[in-house]
Amino acid sequence: TLYNTVIRADLEVIERTRHSLPSSYMDMGLDTTVNLPSPEIDLKFRNNRNNPIYIRAFFSNKKIYFEIYGEPLPKGQKYEFRSEVYETIPAPSPEIIKDYDGKYVKYEDEQYVHVESRKGYRVRVYKQIFENGSLIKEELFDTHFYSPVKGKIYEGVKKRET
């Protein structure tokens with residue numbers, strides 16, 4: 001959420017790490033993650049404008065919000081971002097693992113999905129520049145690849161007694 005506020009304010013992003021899987025709450029390619037203390041994954045940005053900025057963060061109705069106040073964008077412009085999935089990579093078939101230790105399941109008719117197989121995606125993100133509500137320019141802003149994930153399913157090995 002902060003990342004999307006930062007790019008719409010046209011601030012310089014110095015460091016960011018995307019999620020490895022698409023996020024459920026953000027368009028593909030517009031996500032970033034943080035993790036502290038270890039491994040340290042952070043979002044870092046710089047105020048590259050001529051004046052100070054003020055960042056306001058608040059929580060309301062189970063949602064977090066960020067607002068950045070400062071020097072207006074040139075010519076009253078507004079920046080929006082559009083994601084385009086240009087390739088979908090099918091999810092690979094899962095690896096079937098016999099659970100000889102009975103860690104997840106015991107019987108032949110039981111399975112435990114440890115990791116779900118997931119599709120992969122190639123995404124382009126476009127920056128759209130609006131003036132007076134009209135789109136005046138669209139340019140490629142970023143690309144991202146979400147790798148497909150090979151799932152893991154554990155199967156039991158013991159026969160059930162009848």
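A polar contact is a pair of N or O atoms within 3.5 Å, where, within protein, one must be able to donate a hydrogen and the other to accept it. In this predicted model, the side chain of lysine 127 makes such a contact with the side chain of aspartate 10, at 3.2 Å.

Lysine 127 lies in strand β8. Its relative accessibility is 9%, so lysine 127 counts as buried, because buried means under 20% relative accessible area. Not counting residues up to four places away in sequence, lysine 127 touches Asp10, Tyr79, Glu80, Phe81, Lys137, Glu138, Glu139 and Phe141.

One of these residues, phenylalanine 81, has its own set of contacts. Leaving aside neighbours within four places in sequence, phenylalanine 81 is in contact with Ile7, Arg8, Leu30, Val125, Tyr126, Lys127 and Phe141.

**The nonpolar core**

Phe81 belongs to the largest nonpolar core, which has 12 residues in all. Strand β8 gives the most, with four residues. In soluble globular proteins, nonpolar side chains tend to be buried together.

**A three-stranded sheet**

Three strands form an open sheet in the order β6-β10-β7, with mixed pairing. The edge strands, β6 (95-98) and β7 (111-115), each pair on one side only. From one strand to the next, the twist averages 30°. The pairing of β7 with β10 (residues 152-155) is antiparallel and runs over four bridges. Valine 113 has isoleucine 153 as its bridge partner in β10.

Most residues other than glycine have a negative phi. Lysine 62 has a positive phi although it is not a glycine, and asparagine 132 likewise has a positive value in a residue other than glycine. The table gives their values and locations.

| Residue | Phi | Loop | Relative accessibility |
|---|---|---|---|
| Lysine 62 | about 65° | between β3 (54-60) and β4 (63-69) | 77% |

Note on methods. Residues numbered from 1 in each chain as written. Predicted model: local features only at pLDDT ≥ 70, side-chain atom pairs only at ≥ 80, totals over all residues. Heavy atoms only, no water. Core = buried A, V, L, I, M, F, W, Y, C linked by side-chain atoms within 4.5 Å. Buried < 20%, exposed > 50% of the residue type's maximum accessible area, 1.4 Å probe, protein only. Helix = DSSP H or I, 4+ residues; strand = E, 2+ residues; numbered from the N terminus. Contact = heavy atoms within 4.5 Å. Pairing = 2+ DSSP bridges. Axes fitted to C-alpha atoms, helices over the stretch in contact; angles between N-to-C directions.
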